[in-house]
Amino acid sequence: MILIIRPKSEIQDLIKILEKKKYSYFLEPFSYFRKLKMTFDYDPNHYYLVSSNQSVLSLKKNLKKYKKLIKEGNFLVIGEKIRKELSMIGVRKILRSFTDSHELKKYLKKNKKIKCINHLTSNIPNEVLKKINKTGDVKIIFTLIYKTYFKKNLSNNLKKLLFKQKIKFVLHYSLKSSEVFFSKLSNQERFFLRNEVTHLCLSKRILKGIKKKMIKTQKLQVAKKPNQKALLLLLNNTSL
């Protein structure tokens, strides 16, 4: 059985694929979101960075208020899916999209014209962007337009599955969600997940974070590219 700890709203397409392939899965979302009132002023000199579906949804809810931003703003995007979603709500000037924040970091080192980025984001900081901001080469403004919350405990159903050792794979989409998930485990549950379960990570950053902070196991694998298609390919190539 595959354990998924991402919100259902974020993985509707994944669920359809898993059900089509008749893969057994259990959904235990460890995060949920709340949109915040958007009060920032549009600045034509800023580059606007969008890196999550929730940010797109917040912009979509405020299309009338931020009409000029949508039509004229210079956007940088992390994730091809996010780029498509921004285009669908009317964003016209997407200057470049990146596979992850590390690729953005490399781009900024070469492109010295970009001096200020407004990251439309949540209360969960992106460590790579924080480091970029500290260097002083590029100013990054972190504008909160939604808030992320995390579960306090495992559900009884998941506890039963772990006790019976029914879980074979865990899909990791977010390092922070994985950190929260592991912090809620008992020693017995942690032992089982470390030794008997294969962990499939969306990105190298997530894999490194899990290795460093949570579990040291040989059963950690990472998708070739940080997108769902590559993660699914990894799952398909792993013995279910």
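How many bridges join S4 to strand S7 (residues 116-121)? The answer is in point 2, within a set of remarks on a predicted model.

1. The sheet containing S4. Five strands make up an open sheet, ordered S6-S5-S4-S7-S8, and their pairing is parallel. Strand S6 (94-98) and strand S8 (139-144) are the edge strands, each pairing on one side only. From one strand to the next, the twist averages 25°.

2. Pairing of S4. Four bridges join S4 to S7, and the two strands run parallel. Within this pair, Val-50 has Leu-120 of S7 as its bridge partner. S4 is also joined to strand S5 (residues 74-78) by four bridges, again with the strands running parallel. Here Tyr-47 stands opposite Asn-74 of S5.

3. Side chains of S4. Strand S4 spans residues 47-50. Tyr-47 and Leu-49 point one way from the strand, while Tyr-48 and Val-50 point the other way. Are these residues buried or exposed? All are buried, whichever way they point.

4. S7, S8 and helix H6. S7 and S8 run parallel and are joined by six bridges. In this pair, Cys-116 stands opposite Lys-139 of S8. Helix H6 (residues 127-135) packs on the sheet and touches S4, S7 and S8. The direction of H6 makes about 135° with that of S8.

5. Ser-101. This residue lies in helix H5, which covers residues 101-110. Its relative accessible area is 7%, so Ser-101 counts as buried, the cut-off being under 20%. Leaving aside residues up to four places away in sequence, Ser-101 touches Ile-78, Asn-126 and Val-128.

6. Strand S1 (residues 2-4) and S2 run parallel and are joined by three bridges. Ile-2 has Tyr-25 of S2 as its bridge partner.

7. Which residues of helix H10 (residues 204-213) are buried? They are Ile-206, Leu-207, Gly-209 and Ile-210. Viewed down the axis of H10, these buried residues fall within an arc of 165°, so they line one face of the helix. They pack against strand S10 (169-172), helix H8 (175-183), strand S11 (198-201) and strand S12 (220-222). On the face of H10 turned away from the buried side are the exposed residues Lys-204, Lys-208 and Lys-212.

8. Helices H1 and H11. Two packed helices are described by the angle between their axes and the distance between the axes. For helix H1 (residues 12-20) and helix H11 (residues 228-236), the angle is about 25° and the axes are 11 Å apart. H1 is therefore roughly parallel to H11, a term that applies to angles under 35 degrees. The crossing of H1 and H11 is right-handed. On the H1 side, the contact is made by Asp-13, Leu-14, Ile-17 and Leu-18. On the H11 side, the contact is made by Gln-228, Leu-232 and Leu-235.

9. Most residues other than glycine have a negative phi. Where in the model is Lys-22 found? Lys-22 is in the loop between H1 and S2, and its phi is near 60°, a positive value in a residue other than glycine. With a relative accessibility of 75%, Lys-22 counts as exposed. Gln-165 also has a positive phi, near 55°, and is likewise a residue other than glycine. Gln-165 is in the loop between helix H7 (156-163) and S10. The relative accessible area of Gln-165 is 51%, so this residue is exposed, the cut-off being over 50%.

Conventions:
Residues are numbered from 1 along each chain as its sequence is written. This is a predicted model: local features need pLDDT of at least 70, side-chain atom pairs count only at pLDDT 80 or more; totals for chains, interfaces and linings use all residues. Side-chain values use heavy atoms; hydrogens and water are left out. Buried means under 20% relative accessible area, exposed over 50%, partly exposed in between (1.4 Å probe, protein chains only). The arc is that of the directions from the helix axis to the C-beta atoms. Contact means heavy atoms within 4.5 Å. Two strands pair if DSSP finds at least two bridges between them. Axes are lines fitted to C-alpha atoms, for helices over the stretch in contact, and angles run from 0 to 180 degrees between N-to-C directions. Angles under 35 degrees count as roughly parallel, over 145 as roughly antiparallel, 65 to 115 as roughly perpendicular and the rest as oblique. A crossing is left-handed if the near helix is turned anticlockwise from the far one by less than a right angle, and right-handed if clockwise.
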